Amino acid sequence: MNAFWAPYAAVLRQQLNNSLAKLMTFRVNFVLTVLFDIASFITFYYTTDILFRNISHIGTWKREHFLFFVFWMQSINCVHSGFVAPNFWNLAMEIRTGALDFRLLRPLGSLFDVFTAITRPISFLIMPILVWCLVHYGICLDFSAVSWLALPFLWMISLVLLMLLEVLISMALFWTHGGDGVNFIRIHCQQFQRWPDFVYPKSLRFIFTRLFPLLAAGVFPVRILFGQGSAWEVVFLMLAIVVVWWLIGRLWILGVRRYESVAS
Amino acid sequence: MLKAELRKWQKTTSVSISRYMAFKVDFLLMLVAPSFVFVAINYSIWRSIFQSRGGESISGFSMDQMLQYQCWSFIVALLTRSHRTWNLSEHIRLGRITSFLLYPFDAWKFYASEFVAFQLLQFCTALPSIIALRAFGFLPQLDLMACALGILFSLLVSVLWFVCDFTLGLAGFWLEEVWVFRVIFGLFAVLLSGAFIPIELFPPVLQTVIGYTPFPLITSVPVHIFLGTKSVPIGWSMGMVCAWTAALAVVSGVVWRRGIRLYTAAGI
């Protein structure tokens with residue numbers, strides 16, 4: 001098993017080293033990326049804050065519930081921006097230019113290579129602030145000991161499922177030309193996830209919690225932490241991970257079969 | 001002379017339109033995505049907020065007024081925020097603007113033609129969207145005068161947005177990546193222009209501060225023009241948009257002249 005994972009770990013380590021070297025070479029970019037993370041943090045915080053200066057609750061959630069959810073999604077987004085996010089645009093470009101050939105030829109799982117080709121570890125710099133915010137609002141909401149213990153596990157489930165869902169969407173890149181449209185849809189999906197399921201109409205709620213669990217991935221774990229969810233929701237999310245993982249595998253094979261290299 | 005110049009603009013615009021329409025699924029997705037986001041997010045959230053308050057008004061906004069505000073905010077976003085210079089920095093970095101230095105058609109004119117092409121398509125999307133919103137009862141009886149003024153004002157704002165975007169893109173002369181500027185500007189523009197939360201709901205101090213910036217001109221003012229709010233000083237606001245556009249155009253000219261002195265490209 002170790003022999004299987006070792007090359008992947010080595011490649012990932014090298015990718016991170018390369019990214020760090022690049023970041024240190026272009027120092028202004030380093031500062032700008034940090035500024036971007038801070039700007040996202042400020043705008044998301046103030047959007048919720050201004051909203052709750054005018055209202056006391058939405059559904060059963062108060063200001064603290066919302067802010068906990070905002071930072072939950074922000075912390076997931078932080079890891080997502082660090083590892084996977086830059087690679088969606090890169091995949092679109094590689095399909096367009098034929099550069100994907102070189103990835104398919106490498107003695108490594110192509111999916112892994114495609115979605116870890118570019119890493120941006122600078123995004124992790126803001127992670128301690130987000131973790132502090134999660135802990136702060138967790139204390140405000142009087143989380144039980146069980147909730148605190150379950151938090152890392154539930155956070156991982158959220159992260160894995162949301163990343164896999166975006167990878168699943170990006171498989172459409174094999175069937176479209178250009179790729180900007182698919183990537184815009186993916187970005188809009190991120191905006192969609194930033195709000196809890198109960199603000200949406202029933203039809204959308206059903207589609208995006210049961211059929212394509214874009215909302216469920218973020219809101220189910222948080223609801224469990226608030227003591228408003230049930231255990232089957234965790235089981236559902238774990239099943240969803242398995243199904244989405246399988247679908248990605250199938251669509252990747254179909255997509256690569258359809259892929260016509262421009263280069264070779 | 002003028003005829004020849006106009007012909008260049010017309011040809012470049014027409015090529016840009018063909019390019020945007022070339023990848024049909026891609027183009028459709030780019031049109032569908034903002035509409036989906038609007039219907040799914042802004043409209044749903046505000047409806048949900050009002051429903052959980054039993055329909056009680058928020059800072060003078062009734063549920064109907066807020067939902068109409070969100071509808072017009074969506075139309076204004078379609079008409080104003082084009083992002084057509086997103087590849088300018090890449091063109092600078094990879095040395096592709098060299099060709100513009102040789103063509104008898106300046107780089108800014110090329111990007112402006114692309115912007116005009118995209119605006120024409122956006123305009124063609126916005127009009128059916130208004131009709132659809134009215135037909136499905138999201139908007140009340142349309143005041144044609146207010147609509148015409150709102151569209152005119154939004155198109156003026158789109159020029160301001162383009163000049164701003166172009167100026168940010170010119171940072172590519174000094175930096176490897178400039179998407180950060182654009183995204184940060186976009187994030188603050190959505191929050192401070194009242195695109196999601198009307199400025200009237202902001203704390204009074206913040207409202208005063210925002211009043212001195214061009215942000216309200218981007219969404220709040222055009223939305224109120226569409227809504228037919230009497231208190232909006234349309235002439236003054238149009239003057240402000242023109243003044244900000246002119247100021248940014250001067251800045252962009254200065255930045256371009258400084259940047260082009262630094263510019264080097266492989267193969268020259």
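Contact is taken here to mean heavy atoms within 4.5 Å. By this criterion, in the predicted model, 75% of the contacts in chain A between residues at least 6 apart in sequence join residues at least 24 apart.

Chain A contains twelve helices and two strands, arranged along the sequence in the order α-α-β-β-α-α-α-α-α-α-α-α-α-α. The radius of gyration of chain A is 19 Å, close to the 18 Å given by the globule rule for 264 residues, so chain A is as compact as a globular protein of that length. The C-alpha trace of chain A extends over about 60 × 45 × 40 Å along its principal axes. Of the 264 residues in chain A, 53% are buried.

In chain B, helix H11 (residues 220–227) is largely enclosed by the rest of the structure, because seven of its eight residues are buried. The buried positions in H11(B) are Ser220(B), Val221(B), Pro222(B), Val223(B), His224(B), Ile225(B) and Phe226(B). Just after H11(B), Gly228(B) adopts a positive phi of about 80°.

Technical notes. Residues numbered from 1 in each chain as written. Chains lettered and ligands numbered in written order. Predicted model: local features only at pLDDT ≥ 70, side-chain atom pairs only at ≥ 80, totals over all residues. Heavy atoms only, no water. Helix = DSSP H or I, 4+ residues; strand = E, 2+ residues; numbered from the N terminus. Rg over C-alpha atoms; globule rule 2.2 N^0.38 Å. Buried < 20%, exposed > 50% of the residue type's maximum accessible area, 1.4 Å probe, protein only.
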